[in-house]
Amino acid sequence: MMTYRGRKSWFGKEKVYSMVGVSINALNYYGDLSPKPNRFSTDISFTRPAIGLSFGHRFGPRYTLTASFMYGTLRGADVESADPGDLDNGIYRFKRNLSFRNRIKELSVVASMDLFENQATYISRVAWTPYAFAGIAVFHHNPQAQAPETDLQGNPLPEAGKWVDLQPLGTEGQHSTLQEGDANYGIKPYKRIQISIPFGIGARFRLNEVLDLSAEIGFRYLFTDYIDDVSKSYVDLGVFGNNELAKAMSYRTGEILPGDHTYVGRDGQSYSVVSGYGEEYTDAKGNTNMRGSKNDKDIFMVTSIKLTYILGKSFHRAKFR
């Protein structure tokens, strides 16, 4: 009697189970090409689909560990999202005229915690429960944009109308010979394999003994600001040398507005640009011709509907004579 500590609750092997799932997702992008500089600004019209596969293991009355693969696309475009009537922010974004798409391939592992616990076996699990989740993910991304018809000198581009990879072009001078004192001096090409932190909330509903339906809203906190290939300042277009495609993808204001002045780049060529765009400029206070904002990392949102099937379980209905 003196050693009795009471009956302990134990989540035994008969209560543990695994499951597989398939999900349909919607992706939304938050970053430098959002309609407004607000961190939570996004353009709903650029919502893009994604698909996902998952394997989960329930190891406690509230806890599940899930590994997932997701494939989907992010999109953004200044000329379609920005409000040219907004003289504070929209007109700047509209004139910038940048755009991108990015096909994301993500592997993630997340832990989720249910609000309502279930001490019984899978067959007696709760009818529904809210839950929260967080974890870690690794993803491959590759921002692209459609090339314009001509280069900055008005000559036809061989890549006209095609989706081209932006990272190899170094549109903010990453692959060029920037000199010490240049606005973007020292920045390196960004990696196309990155880590993110997935987190969010959801609700799971029991459909029958072996099927669940879940709905969730999650975010991916990124450690890169280049999901859209935009982060820092414009550079002297002359640093791109003979790479006319890189020049055309770095400065795109000329596709919608004629230049209001000309400067001579360090390659000796003359470039007609709109003031505030397409050239390196730093005033006495250190303000530059900004192409993007390096202060905030990019984010994207994942809204999901997921159907899961419990593995290796069967149920038997009573037979009556």
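**Reading the model together**

Author: Helices (H or I, at least four residues) and strands (E, at least two) are DSSP runs, numbered from the N terminus. This is a predicted model, where local features need pLDDT of at least 70, side-chain atom pairs count only at pLDDT 80 or more, and totals for chains, interfaces and linings use all residues. Residues are numbered from 1 along each chain as its sequence is written, and side-chain values use heavy atoms, with hydrogens and water left out.

Reader: Is isoleucine 256 buried, exposed or partly exposed?

Author: Buried means under 20% relative accessible area, exposed over 50%, and partly exposed in between (1.4 Å probe, protein chains only). Isoleucine 256 has a relative accessible area of 33%, so it is partly exposed.

Reader: Which residues is isoleucine 256 in contact with, leaving aside its neighbours within four places in sequence?

Author: Contact means heavy atoms within 4.5 Å. By that rule isoleucine 256 meets Phe94, Lys95 and Asn97.

Reader: What is phi like at asparagine 97?

Author: Here's the background: most residues other than glycine have a negative phi. Asparagine 97 has a positive value, near 60 degrees. You'll find asparagine 97 in the loop between α2 (90-96) and β4 (99-114), and it is buried, with a relative accessible area of 10%. Aspartate 229 isn't a glycine either, and its phi is positive too, about 65 degrees. Look for aspartate 229 in the loop between β9 and α3; at a relative accessible area of 2%, aspartate 229 is buried.

Reader: Where is histidine 140, and which residues does it contact beyond four places in sequence?

Author: Histidine 140 sits in strand β5 (residues 128-140) and, at 31% relative accessibility, counts as partly exposed. Its contacts beyond those neighbours are Arg103, Ile104, Lys105, Arg192 and Ile193. Histidine 140 and lysine 191 are 51 residues apart in sequence and 8.9 Å apart in space, C-alpha to C-alpha.

Reader: Okay, next topic. Which residues touch the most other members of the largest nonpolar core?

Author: A nonpolar core is a set of buried Ala, Val, Leu, Ile, Met, Phe, Trp, Tyr and Cys residues joined through side-chain atoms within 4.5 Å. The largest one here has 25 residues, and Leu237, Leu245, Met249 and Tyr251 touch the most other members. Two elements give two or more residues to this core, α3 (244-250) and β11 (270-273), and α3 gives the most, with four. A second, separate core has 15 residues, including Leu33, Leu74, Leu98 and Phe139.

Reader: What does tyrosine 251 touch, not counting residues up to four places away in sequence?

Author: Tyrosine 251 touches Leu152, Tyr234, Leu237, Ser272, Val273, Val274, Tyr277 and Gly278.

Reader: How many aromatic pairs does the structure hold?

Author: A pair of aromatic rings is described by the distance of the centres and the angle of the planes. Rings of Phe, Tyr and Trp (its six-membered ring) pair if their centres lie within 6.5 Å; planes under 30 degrees apart count as stacked, over 60 as edge-to-face and the rest as tilted. The structure holds twelve such pairs. In one of them, tyrosine 221 and phenylalanine 223 are edge-to-face, at 5.4 Å centre to centre with 90 degrees between the planes. The rings of tyrosine 234 and tyrosine 277 have centres 6.2 Å apart and planes at 70 degrees, so that pair is edge-to-face. It links distant parts of the chain, 43 residues apart: tyrosine 234 is in the loop between β9 (211-222) and α3, tyrosine 277 in the loop between β11 and β12 (299-310). Tyrosine 234 and tyrosine 277 are both buried. Ring pairs also link Tyr30, Phe199 and Phe219 into a cluster.

Reader: And the chain as a whole: how many helices and strands are there?

Author: Three helices and twelve strands. Along its principal axes, the C-alpha trace spans about 90 × 50 × 35 Å. Buried residues make up 46% of the 321 residues in the chain.
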